[in-house]
Every structure is written in structure tokens, then in C-alpha cells.
Amino acid sequence: GHCRLLCKPSALAQHLVRSLGRSAVLRGGRWPWPRWPQLQMLQQLLQSPELEPVVARELLQLSDAGLVALDWMVGPWGAAGGSGGVSSPVLLLIPNAAGKVTRGLLQLGLRALERGFIPVIFNRRGHNGCPLTTPRLQPFGDPGDLREAVTYLRCRHPTASLLAVSEGSGSGLLLAYLGESGSSSRLAAAACLSPIFCGRDWFEAAMPWLYEWPLLLHLKQGLSRYAGSLAEAVDMDRLLGSRSLRELEESLFCRTRSRPTSWEVYWERNEPLRDADEAAVPVLCLCSADDPVRGPAARSLPMELFRSSPYFFLLLTPRGGHCGFPRRAPGRCWGHEAVLEYFRAMAEFLRTEERRKGLPRPR
């Protein structure tokens, strides 16, 4: 399907090449207007899912009394419809940085549910209806809240494999978490759909207004609900008057009333790949060369990282837009199928290595 897997040579890389090569997933990508990635982007942002999933929300209280919401997907069939068992793999779904749960993310969760996974959506503070109990939101690349959520999931499902997949700008959070946590991440594998690797460059570049304005309005609508509680920390007039995602990000995290900081210092602490050399979990990054949101591949893809790290794998396709990767079959995204195939191949490889080395399964 004209896809390329770019990575450092290893036994795992060879296994992935064989598994993805045998699969028919990468051969099915077709789109009536292949040169219009903006249409794929609009479809992801605006179109509702074919089946409205049933979710069971759980609020998790954090160490500073803040709240994040975990939405457990139980399918469109009701609470008894999920096929996941006690030791079924748990798939943590991370929306984009604006907290918008897109049609594509819901479809991925439903596909995973059909295959026996237990999908759960991670909603940041104040996002997607999650109550804001502290005058603080989660910065772009601060994995503190995600770390507490992963710890909770591990305690709730101690015998299950824990996997994570992020969409678009939400990958900044997942990549930062993997770098900071290293071998203590508690994840077996991770995947990023159309990730944003360089956060500062992405905010400073001119993004397509078709993408920026819907997300900006979505963020403002959510933040306006908490105008009273946030007023003591930020200038709400400046915040709600922001004309770009960069202005809004600066208003929220740099020009605060208590601890103002500079744009440069903010990104020193929040760049997604600041600790990438410490990552110790296999990560598949599915990217399209025509992604209109991430920007030109030549300057927005960290090729050296994929050549030097044994844990980062880049599956690069010439067309697919931003989180699009559509197929002609209705409601299908071959990118979702590729991610689920990757997780299957990873589990197969780990089982083979355990048998070869005679290692006991982790308890």
C-alpha cells in the first residue's frame, strides 16, 4: 500500500514488517479525493459516528484534589455488550489536546471493543464535561495526571496488558509520559495517530483554519463554563478573546496571575520529545506525508529518532491526511486496523520472547 516502516533494525522491527506485510490492512486505503486531505480532516472533526457508543463515566480524584474522567466504552449494545474479560487488554484512548473526542477516536474504540479489548477514554481536567475542581488545567506536555490515571488502571486491572493510543495533538501527552516514565511506564505498547512531535513549532506555525477554528471554539466553549473558578488564575477576557491556539495556550499557562512564565521556558518543560531517549516502550507512529495539520514531513518528522531508537517505529504513508486514513468501506479507517494489528503483533512477539528465554509471565 506504498507504506514504509522506518526504524532501527531489530528482531521486533523484523517481526512487525512480517506481520504488517502479511496483513491486508495496508492495501485497502482508497479515497475518492486522494489529493484533498482537508476533506478527511473535516470529516473527522464534524461527522458523528455511525453507532453512538455507550460509555460509563468514572471520575478519578488526583493527588491535588483535581479530577479527570475515564469513559469506559461498553459498546452500542449496553453494559452487557462488551466482550472484554478480566485479563483482556485495556486500551487507553487519548483525545487531541483540545479534548475533542472525534468520530475517529470513537470508531477506534468500537473496533477495539469488537476484538476483545477494554477501551477507556482519558479526559483531562475540564475537558469533555469533566468537572474542574481546581483553577488549573493540564499543560500540553505535562504527564502528571496521565501517570496517576495509568497507575489507577494498573491497580484496577492488575493482570491485563495496558496499551495506549493517542490522536493528533494528544500524542504530545503520551510521548512526554513515555519519555519521563522510561521503563516504569506500566504500558506494554503504545501508538500515535498523526502525532505532533514538535509542540512549539506546531503552535507557532500557521495551521489550516479549518482545523484551528473548530478546536479553538471547542476549547473556549468548554473553558467558559469555568470562567468563575479560572478567573483567579488567568485573565479570562484575554483567554476568551484569543484568536489562535497559540494565544489561548499562552493565556492559560504563561500569562498566569500567580506563576507567569515565558513561552520559551514553557516549552522547555512541555516539549513532547524532551526525554524521548529515555522511552522504553515500543511506540508506533502512524503518519501521512500529506498531513495538513502537522506540516511538511521534511521539517516535522524527527527522522533521526526513528533511526537511532529501538523503541520508535514510523509507519509513513503518502496519503491519509490528519487522523484520516480512510477506506471506501463505510465507517472504516485503515489506520485503526493497522494500530490494532500492531498491538496483536506486539503481543505475539512478547509471548514468543518469553517462551524463548524461559521467562515467567509478569504478575
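What percentage of the 363 residues of the protein count as buried? I looked this up at the outset and found 55%; buried means under 20% relative accessible area, exposed over 50%, and partly exposed in between, with a 1.4 Å probe and protein chains only.

**Basis of the entries**

I note that this is a predicted model, in which local features need pLDDT of at least 70 and side-chain atom pairs count only at pLDDT 80 or more, while totals for chains, interfaces and linings use all residues. Residues are numbered from 1 along each chain as its sequence is written, and side-chain values use heavy atoms, with hydrogens and water left out.

**Overall composition**

I recorded 14 helices and nine strands for the protein; helices (H or I, at least four residues) and strands (E, at least two) are DSSP runs numbered from the N terminus. For the accessible surface I noted about 15,900 Å², of which 52% belongs to carbon and sulfur atoms; the areas come from the Shrake-Rupley method with a 1.4 Å probe, and for residues only the protein chains shown count as cover. I then turned to contacts, meaning heavy atoms within 4.5 Å. Of the contacts in the protein with a separation of 6 or more, 76% are between residues 24 or more positions apart.

**The sheet**

I traced an open sheet of nine strands with mixed pairing, in the order S1-S9-S8-S7-S6-S4-S5-S3-S2. Its edge strands are S1 (4-6) and S2, each of which pairs on one side only. Two strands pair if DSSP finds at least two bridges between them. On average, neighbouring strands of this sheet are turned by 20° against each other, direction ignored; axes are lines fitted to C-alpha atoms, for helices over the stretch in contact, and angles run from 0 to 180 degrees between N-to-C directions.

I next examined strand S3. Nine of its nine residues are buried. S3 pairs with S2 in the antiparallel sense over eight bridges, and with S5, also antiparallel, over four bridges. Trp-72 of S3 stands opposite Ala-56, and Trp-72 also stands opposite Val-120 in S5. The hairpin of S2 and S3 has five residues between the strands, and there Ala-65 takes a positive phi near 75°.

I also followed helix H3 (residues 103-114). H3 lies across S3, S4 (90-94), S5, S6 (162-167) and S7 (189-193), and runs at about 55° to S3.

**Salt bridges**

My search of the whole structure returned 16 salt bridges; a salt bridge is a side-chain nitrogen of Lys or Arg within 4 Å of a carboxyl oxygen of Asp or Glu.

I looked up the pair Asp-64 and Arg-125, whose side chains meet in a salt bridge at 3.0 Å, N to O. Asp-64 lies in the loop between strand S2 (54-61) and strand S3 (67-75), and Arg-125 in the loop between strand S5 (118-123) and helix H4 (144-156), so the pair ties together parts that are 61 residues apart in sequence. Is Arg-125 buried or exposed? At 3% relative accessibility, Arg-125 counts as buried, whereas Asp-64 counts as partly exposed at 35%.

I then turned to Arg-200, for which I list two salt bridges with their N to O distances: one to Glu-204 at 2.8 Å and one to Glu-264 at 3.4 Å. The pair of Arg-200 in helix H6 and Glu-264 in helix H11 (residues 263-270) links distant parts of the chain, 64 residues apart. Glu-204 and Arg-200, by contrast, both lie in helix H6 (residues 199-204), four residues apart, about one turn of the helix.

**Surface patch**

Lastly I asked which residues make the nonpolar surface patch of about 370 Å². Trp-209, Trp-213 and Leu-217 make this patch. Patches are made of residues with over 30% relative accessible area and no salt bridge, with like charges joined within 9 Å and nonpolar side chains (Val, Leu, Ile, Met, Phe, Trp, Tyr) within 5 Å. Trp-213 lies in helix H7 (residues 209-224) and, at 34% relative accessibility, counts as partly exposed.
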